[in-house]
2 protein chains.
Amino acid sequence: MKLLLIGFGTVGQGLAELLIEKRNTLLEQYKLDIQVVGISDMLKGSLYDAKGLDLDKVLEVAKAGKKISDLPGAFEGDALALIAKARADMMVEATYTDIKTGEPATSHIRAALNKKMHVTTTNKGPTALFLSELNELAKKKGVKFLYEGTVMSGSPMLNLARETLAGCNITQVKGILNGTTNYILTRMEEGLAYEDALKKAQELGYAEAVPDADVLGWDALAKVTIIANAMFGVKAKPDDFPCRGITEITAEAIADAKARGKRFKLIGKVWREGDAVKASVAPEEVDMSHPLAGVMGGTNAITFTTDILGDVTIVGPGAGRSETGYSALIDIIHAGGKR
Amino acid sequence: MKLLLIGFGTVGQGLAELLIEKRNTLLEQYKLDIQVVGISDMLKGSLYDAKGLDLDKVLEVAKAGKKISDLPGAFEGDALALIAKARADMMVEATYTDIKTGEPATSHIRAALNKKMHVTTTNKGPTALFLSELNELAKKKGVKFLYEGTVMSGSPMLNLARETLAGCNITQVKGILNGTTNYILTRMEEGLAYEDALKKAQELGYAEAVPDADVLGWDALAKVTIIANAMFGVKAKPDDFPCRGITEITAEAIADAKARGKRFKLIGKVWREGDAVKASVAPEEVDMSHPLAGVMGGTNAITFTTDILGDVTIVGPGAGRSETGYSALIDIIHAGGKR
């Protein structure tokens, strides 16, 4: 399988490391012989070699902060030019997320699908905004559009719903979808004020300097929108759903909830109500006995409510270099692996 | 797909109900047109019709406590005779569990595999005792031997490990595998003495009159053995691993643990230690911040420790009529469904 990596930051490099580390496993267990033939990154430049790149060398250069286009196989042109030129079976789209426009990722994905490449992305922009269009395009071209990493990073919740809960009717999906806000709420319960907890999260690199996307709930909202479109068959945009973040929760409210055996969590939720599909992001007081209550710090979790099994919950990491790289790997295995 | 149901108690009937209820889903989503052609039950008798039985009618008779062999299509002979006679694609083995001998289930499974039927079982006897032999026989005959329901009932943990965590190296599996003991421990933490909590569990039908298999840890040990054999590639028997139940835990010990922020759980565990695979069942004090600590009452849960993702936990039902029936259904979909 020939692979194209578009975006070679944390996620792209995390995946490249896994491709090296797991080479034997992929060959033996899934009959997958993967060659990365092209890489394009806005800052680091582009490479192309139809016979396969030397990933070890590329990683070494990228980690040293140098341009990968200084290596043999330098390619003149941007990501779209590379997609147009390359012969590849699958593209990994891991550029930065723009939740308003979905660009440039959406253009990359359309171009690759049109060239009949499978696509996996960890990018919430295109999936939250254009999922049904991209699904239809993939179907028309006879290839797969996969996006496991967009919701819970490497914790394979979309796969779990699709493969592992096959035959179940899922009536509600409810979870802790943002690790940064969960970390802040955890520290606030320990006694920190909101501002101090946020500062701590920023120091640790969990929260960005402008933390709006996390603390106002937009990141969770994008994930909720992906779940609604992917699992409940609607064609919704993030703006269609109400969204409230954690900025209005006070230390007093948290202490008060604790005294009543409850705990505040920022909950993203999608559910059926009659024929309608509803969704929301909002802080909720969760009962201490609920599996979501025990999910602390940067961990994410999702509870599926099903017709046959009742509630099934998955708890796992919601971010991280190799974790998010793994989400792309699992999509690659599902697109091309044989068992 | 033509199906044979061996054992028509809670699980067999639960599956039959799902086959009726989910008929359209199975047809539309998985292209699976399932006919039950034969049923054999030690108490209720046997039926066979190569053109397919009327499941609604069979269920009606079985629920009324009558013999199904009073219906048209009565078959003279036991389960083995039916397996020998029937033309079927898959057998569901759901007779009672005998953890010492694995019989009569193991004989049923061998006979079906030899006739090139796929097999799914919810029976811990054959899987804990003879998994590698049955796996090899299935492989030789070119069919599948599946047993999702043996560990966490309908919560698809084996599937999750195999399909959803594809590519991960699982180094430890640790969980709450027995709902009865978990229920008893939950009630003891609320203040009941062991005897009273056990009595309560017996009244609710969670524990049997002779509760040894649950409270001495044998049921969890069978599941641990299945995990070790299925996921860690060993050929072990239940007797190979140390096993301690909950009968020696006092109310004082539970209160003491609680005061230290810990909670007693009966933990089944399989892990790698160098080249060796170890396993055990024993009560453990779990830290309140661990996802397993919040798993209360009859719910089960398993934490997978992986090389890439760290810990991933699944929480779900560990027993129940339709839940266990569903585990057989998911195996049927994986054996015969097309997507």
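## Salt bridges across the interface

A salt bridge is taken here as a side-chain nitrogen of Lys or Arg within 4 Å of a carboxyl oxygen of Asp or Glu. In this predicted model, that rule finds 2 salt bridges across the interface of chain B and chain A. K22(A) pairs with D307(B) in a salt bridge whose closest N and O atoms are 2.5 Å apart.

## Polar contacts and contributing elements

Across the interface of chain B and chain A, 13 residue pairs are in polar contact, with both residues at pLDDT 80 or more. On the side of chain B that touches chain A, the elements giving two or more residues are α1 (10-21), α8 (157-164), β11 (310-317) and α14 (321-336) of chain B. The largest share of that side, 7 residues, is provided by β11(B). By residue class, the side of chain B that touches chain A comprises 17 nonpolar, 12 polar and 8 charged residues.

## Strand pairing between the chains

Strand β11(B) is also joined to strand β11 (residues 310-317) of chain A by 3 bridges, and the two strands run antiparallel. Within this pairing, T313(B) in β11(B) stands opposite V315(A).

## Extent of the interface

In terms of contacts, 37 residues of chain B meet 37 residues of chain A. The two chains bury about 2,800 Å² between them, and 58% of this area lies on carbon and sulfur atoms. T164(B), I308(B) and L309(B) supply 22% of the area that chain B buries against chain A, more than any other three residues.

Definitions and conventions: Residues are numbered from 1 along each chain as its sequence is written. Chains are lettered from A and ligands numbered from 1 in the order in which they are written. This is a predicted model: local features need pLDDT of at least 70, side-chain atom pairs count only at pLDDT 80 or more; totals for chains, interfaces and linings use all residues. Side-chain values use heavy atoms; hydrogens and water are left out. Contact means heavy atoms within 4.5 Å. Buried area is the accessible area (1.4 Å probe) that two parts lose on being put together, summed over both. A polar contact is a pair of N or O atoms within 3.5 Å; within protein, one must be able to donate a hydrogen and the other to accept it, and residues adjacent in sequence count only if both atoms are side-chain atoms. Helices (H or I, at least four residues) and strands (E, at least two) are DSSP runs, numbered from the N terminus. Ala, Val, Leu, Ile, Met, Phe, Trp, Tyr, Cys and Pro count as nonpolar, Asp, Glu, Lys and Arg as charged, and the others, Gly among them, as polar. Two strands pair if DSSP finds at least two bridges between them.
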